[in-house]
Amino acid sequence: MELKRTKTDLKNKWVVITGASSGFGRAAAVAFGSVGAQLMLGARRLDRLRETAQLATEAGAASVCPLYLDVSSTSSVEEFGNALIERTQEVQVLINNAGGAHGVDPVLEGKDEDWETMFQTNVLGLLRVSRKVIPLMLKTEGALVINVGSIAGRVAYEGGSAYCGAKAAELQISKALRLELCGSPVRVTSLDPGMAETDFSLVRFKGNESKAREVYRGVEALSAEDIAETMLWLAERPAHICVDELVIKPTAQAAPHKVARK
């Protein structure tokens, strides 16, 4: 019996990526650009977002539109979404990547501004962008929503209460979306990485480079490109295949608290 290996063709299809100024988002823009997709990129840091757009263009993107996006603001999401609607009525892939961790304080020492930022970006931002963009995907064969979660949403650890809670919410939102969109062509994946060496830890430790480096000491962590390649693989699966949940960790990391360091 001959195996079917038909992939979803992403050439000239619209791909929307939030948090595209660095890390997973930037790498995803380059990866999807390399297969000739059209890209709508959103982030707050416009200078870095334009750098991402240039890299995606050089990789082969059919078109790239970098626009300011603050997912913690409903009005900003609306403006971004309306600009998208002016360009297309059909989106193939939505990558809800904007988010991140802020601080490592235990609950009794936690700061409102850190908690609010994490829930605004990782949870409410994901909901806002999904509400705006998914209606453009409801008639698109092979359409895919990738919600970037974390193993923190599955396993709690000290100092991670709010972040773990936010990523647990992301996972449950993904499950609910999967149920709500059943019967439509839209697939939903929660992509949950473990240790990945990006500027994630630098943001979490609020610019403390030595603490950020220590996280990855003696470990070959995942790279942003590893995650972007996985995203592209997910989006290219045939339309009848939905990978509901995907956990990806470096070989040296069995759990958040179990890491083999050299």
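1. Is Asp105 buried or exposed, or does it count as partly exposed? In this predicted model, Asp105 has 25% relative accessibility and therefore counts as partly exposed. Its salt-bridge partner is Lys111, with the closest N and O atoms 2.7 Å apart. Lys111, at 34% relative accessibility, also counts as partly exposed.

2. The whole structure holds 11 salt bridges. One of them joins the side chains of Glu236 and Lys7 at 3.6 Å, N to O. Glu236 belongs to helix α8 and Lys7 to the segment before β1, so this pair ties together parts that are 229 residues apart in sequence. Glu236 is buried at 12% relative accessibility, whereas Lys7 is partly exposed at 48%.

3. Lys132 and Glu78 form another salt bridge, with 2.8 Å between the closest N and O atoms. Here helix α4, which holds Lys132, is linked to helix α3, which holds Glu78; the two residues are 54 apart. Lys132 is buried, with a relative accessible area of 16%, while Glu78 is partly exposed at 28%.

4. Strand β6 (residues 187-193) has 7 of its 7 residues buried, so the rest of the structure largely encloses it. Arg187, Thr189, Leu191 and Pro193 point one way, and Val188, Ser190 and Asp192 the other. Strand β5 runs parallel to β6 and is joined to it by 5 bridges; Val148 stands opposite Leu191. Asp192 is also part of a salt-bridge network with Arg154 and Glu245.

5. Helix α1 (residues 23-33) is likewise largely enclosed, because 9 of its 11 residues are buried. Among them are Phe24, Arg26 and Phe32.

6. On the surface, Glu220, Glu225, Asp226 and Glu229 gather in a patch of negative charge. Asp226 lies in helix α8 and is partly exposed at 32% relative accessibility.

Technical notes. Residues are numbered from 1 along each chain as its sequence is written. This is a predicted model: local features need pLDDT of at least 70, side-chain atom pairs count only at pLDDT 80 or more; totals for chains, interfaces and linings use all residues. Side-chain values use heavy atoms; hydrogens and water are left out. Patches are made of residues with over 30% relative accessible area and no salt bridge: like charges are joined within 9 Å, nonpolar side chains (Val, Leu, Ile, Met, Phe, Trp, Tyr) within 5 Å. Accessible areas come from the Shrake-Rupley method with a 1.4 Å probe; for residues, only the protein chains shown count as cover. A salt bridge is a side-chain nitrogen of Lys or Arg within 4 Å of a carboxyl oxygen of Asp or Glu. Lys and Arg count as positive and Asp and Glu as negative; His and the chain ends are not counted. The place of a charge is taken as NZ of Lys, CZ of Arg, CG of Asp or CD of Glu. Helices (H or I, at least four residues) and strands (E, at least two) are DSSP runs, numbered from the N terminus. Buried means under 20% relative accessible area, exposed over 50%, partly exposed in between (1.4 Å probe, protein chains only). Two strands pair if DSSP finds at least two bridges between them.
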